[in-house]
Amino acid sequence: MKIYKTYLLSLGIAGCLHLASCSTQNNQNTETMTVNNLAQASQDVHSYSKPKEAVAKHLDLDITVDFEKKILSGTATYQIKNLTKTNQIIFDTRGLKIEKVLLDEDTKETTFKLGNDDKVLGQPMFVDIKPETKTVTIHYSTTPEAAALQWLSPQQTAGKKHPFLFTQSQAILARTWIPIQDSPGIRITYSASVKVPKELMAVMSAENPKEKNETGEYKFLMQKAIPSYLMALSVGDLVFRPIGEQTGIYAEPATIEAAAYEFAEMDKMLVAAEKLYGKYRWNRYDLLVLPPSFPFGGMENPRLTFVTPTVLAKDRSLTSLIAHELAHSWSGNLVTNATWEDFWLNEGFTVYFERRIMEELYGKDYADMLEVLGYQDLQHTLDDLGRNSEDTRLKLELDGRDPDEGLTDIAYEKGNAYLVHIERAVGRDKFDAFLNKYFQTFAFGTTTTDRFLDFLNSELIKGDEKLAEQINADAWIYSAGLPEEHYTPASSLFAKVEETSQAWQQGTPAAQLNTKDWSSHEWLHFIRLLPEQMSQQKMADLDKAFNFTNSGNSEILAAWFLHAIRNNYITADQAMEIFLTSVGRRKFLVPIYKALIATPEGKKKALAIYAKARPNYHAVSTVTLDEMLK
Ligand code: BES
Ligand code: ZN
């Protein structure tokens with residue numbers, strides 16, 4: 001299968017199997033059937049660019065943010081390297097309006113053409129250049145439909161007075177707001193100048209301002225080379241609050257206080273992370289707390305993690321998410337998966353690293369709870385996808401598919417389980433030394449499953465056949481399901497929760513249960529353990545004692561609503577509707593809507609709520625939900 005595909009690619013026909021851009025791709029590939037071309041053709045199936053021929057090295061972005069028209073417009077100027085002295089450079093675009101393109105100091109426009117439009121990949125943009133061309137300046141604008149961008153009305157913000165904008169570029173949405181070589185295997189440095197309405201402030205995945213200025217024009221610099229999916233911009237009524245020397249938080253004024261309390265330990269996390277896997281290479285580490293429509297929990301934009309306000313639980317109980325995004329400063333941002341087929345190298349490593357940070361800070365009992373919850377998620381995902389599904393392999397095959405489809409909990413939790421498995425085989429000290437060296441060796445570069453395995457062989461296995469067998473890369477990486485010989489995590493704190501749960505199921509009233517000092521994790525475990533079928537009276541007993549329906553904790557709410565739906569506990573309806581119309585985090589939305597549509601009455605309810613809620617969701621979430629609810 002693999003060989004067949006590569007062969008087709010070398011003939012330049014592979015694009016036709018699934019992309020609308022056959023004709024253009026054909027011409028491209030048949031023109032220059034070099035070894036280079038072949039090698040890179042199999043590299044990233046989600047980018048049209050050919051970095052081995054002509055590659056962008058630095059971007060100067062100069063854009064204006066127009067909230068009225070919901071567009072960005074301006075120029076993207078690239079410094080390029082024309083490696084093969086070709087007469088064309090290719091960028092990825094999706095839904096962009098390209099006005100004109102200039103080369104170097106020329107005042108005369110160069111010619112360019114846009115290839116056929118693919119729904120997922122967008123259009124390749126072929127720019128005619130000369131062998132000696134050094135810079136390419138693209139004049140362009142976005143459209144209001146740009147999938148990376150969410151434009152929020154004042155009503156959708158915490159302060160209710162000013163509009164808000166944020167981007168979400170991962171996995172392949174950077175091309176919807178910048179013409180760019182949109183592959184994680186390509187790194188650029190960048191500078192940017194962004195004009196915004198005077199009462200607002202702009203921040204990026206770069207060196208950031210600490211306060212608003214009079215002009216409404218903000219300058220940014222990112223001097224370390226980053227992949228395109230880490231390009232990020234947000235504009236809103238923002239203030240900054242320092243936490244430590246090197247860390248701080250951006251948020252709306254209405255949110256900053258709560259955020260500063262919740263994330264007060266972010267500086268300690270940075271210290272713990274450095275102690276584990278070496279120096280933090282990005283200088284500052286700040287957070288940006290977004291409005292609740294942000295479709296993810298967090299996004300590891302370099303120097304400025306974007307984070308959902310749904311982790312503001314008022315008790316610092318959901319901060320492992322910050323440890324996760326911080327860990328990406330090593331696994332992902334420093335050492336980057338070369339393509340989305342190796343996504344587990346970003347997320348699996350990050351989950352492992354995240355739990356190590358949490359263990360450093362809060363001890364093994366705490367980390368064990370996270371490990372067990374993650375293991376439950378893994379089992380759930382395996383059941384969902386089917387244990388024979390190819391999407392349960394760590395190494396994915398995403399050719400012809402939206403990368404988003406393959407980016408499941410498998411990469412996170414099976415990826416982590418594999419690293420835990422290796423750690424247990426070689427011992428923690430050796431494994432830590434290995435990871436340290438891995439991050440240093442591949443810093444500011446890319447990694448692939450093969451590269452990781454080579455490194456594992458040369459640094460850890462070193463010809464030890466028994467160890468190689470134990471590490472069993474074939475089973476873990478290239479086979480579906482979960483190998484028998486995995487570690488099954490256990491938590492002593494959860495054992496107590498299980499006892500409590502038993503007592504309740506055997507008739508002890510909820511109000512008499514011993515739930516003292518339970519963290520969110522214990523509550524979540526308790527709720528997950530509840531029977532599928534419960535009487536109204538049982539539901540009410542729980543709700544009266546623990547007030548789940550009105551919990552201020554998003555994880556608890558989202559888990560509780562699933563039971564409320566299954567058991568037709570309509571007392572929770574109003575709270576659920578409020579949750580679904582204000583929160584846009586896909587991880588919460590998908591299971592709730594899924595539970596709703598399981599019955600005809602539920603489906604009616606779901607459609608009615610979705611009609612109201614959809615305008616509040618980011619495209620990342622509506623793409624998934626439109627499909628589910630059609
Ligand atoms: N990088 C991911 C988010 C992402 C993945 C965006 C794939 C687009 C495509 C981020 O680091 C992440 O994993 N976020 C998680 C939280 C984490 C604690 C597991 C999320 O948003 O739920
Ligand atoms: Zn992540």
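The centres of domain 3 and domain 4, taken over C-alpha atoms of this predicted model, are separated by 30 Å. Across this pair, 10 residues of domain 3 are in contact with 11 residues of domain 4, where contact means heavy atoms within 4.5 Å. The domain assignment places domain 3 at 335–477 and domain 4 at 492–629, together with domain 1 (31–151 + 158–233) and domain 2 (238–329); such bounds come from an automatic or database domain assignment.

The model is predicted, with local features requiring pLDDT of at least 70 and side-chain atom pairs counted only at pLDDT 80 or more, whereas totals for chains, interfaces and linings use all residues. Residues are numbered from 1 along each chain as its sequence is written, and side-chain values use heavy atoms, with hydrogens and water left out.

For the 630 residues of the protein, the radius of gyration is 25 Å, which agrees with the value near 25 Å for a compact globule, the radius being taken over C-alpha atoms and the globule rule being 2.2 Å times the number of residues to the power 0.38. Along the principal axes, the C-alpha atoms fill a box of roughly 80 × 65 × 55 Å. Of the contacts with a separation of 6 or more, 70% are accounted for by residues 24 or more positions apart.

The secondary structure comprises 23 helices and 20 strands, defined as DSSP runs (helices H or I, at least four residues; strands E, at least two) numbered from the N terminus. Of the 630 residues, 60% count as buried, that is, under 20% relative accessible area (1.4 Å probe, protein chains only).

Terms used
Chains are lettered from A and ligands numbered from 1 in the order in which they are written. Buried means under 20% relative accessible area, exposed over 50%, partly exposed in between (1.4 Å probe, protein chains only).
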